[in-house]
Each structure stands twice: as C-alpha cells, then as structure tokens.
Amino acid sequence: MNDPVVKLENVWKIFGERSDEAMKAVLNEGLTKPEVLERFKCVVGVQDASFEVSRGEIFCIMGLSGSGK
C-alpha cells in the first residue's frame, strides 16, 4: 500500500469580504451555499473537499480561473 504524498482533508474556500464570518456560520449553523451567498454576499468555491495523492499517481484538479483551485 502506498502512503499518500499529498493529503488534504475537509478543505474549504469561501470568497468575499466576510469570508471568515461565513465560514464560522457554515460550521456552527450548517448554512448551504445559497444561504452563504444571501447572508454574507460570499461565494463558496470549495466545499469540504478531501483527497489523497500517492507517489506516482497523476492527479488533476480542474476549474475556472479564480475558482479556488
């Protein structure tokens, strides 16, 4: 079994001036992406992403420019 050389767990990226407040509300109140946008005027770009990459594995993250990759 290959041990991962890259491991990310529970990664979030929220864009906006009130992103810190929005993240706290997501964790404490379970807000949805639309609720974050409405209440904080922030956009959830990455929501609770987790992955592992093993040595020799090819792994690609795709998305629009500025999307939080």
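Modeller: A disulfide is a pair of cysteine sulfur atoms within 2.5 Å. The structure holds 0 disulfides. The model is a predicted one, in which local features need pLDDT of at least 70 and side-chain atom pairs count only at pLDDT 80 or more, while totals for chains, interfaces and linings use all residues. Residues are numbered from 1 along each chain as its sequence is written, and side-chain values use heavy atoms, with hydrogens and water left out.

Burial is judged by relative accessible area: under 20% is buried, over 50% exposed, and partly exposed lies in between (1.4 Å probe, protein chains only). Cys42 is buried because its relative accessibility is 1%, whereas Cys60, at 56%, is exposed.

A nonpolar core is a set of buried Ala, Val, Leu, Ile, Met, Phe, Trp, Tyr and Cys residues joined through side-chain atoms within 4.5 Å. The largest one here has 10 residues, namely Ile14, Ala22, Met23, Ala25, Val26, Leu31, Val36, Phe40, Cys42 and Val44. Two or more residues each come from helix H1 (19-29) and helix H2 (33-40); helices are DSSP runs of H or I with at least four residues, numbered from the N terminus. H1 gives the largest share, 4 residues.

Contact means heavy atoms within 4.5 Å. Beyond four places in sequence, Val44 touches Trp12, Lys13, Ile14, Lys33 and Val36. Ser19 counts as buried because its relative accessibility is 19%.
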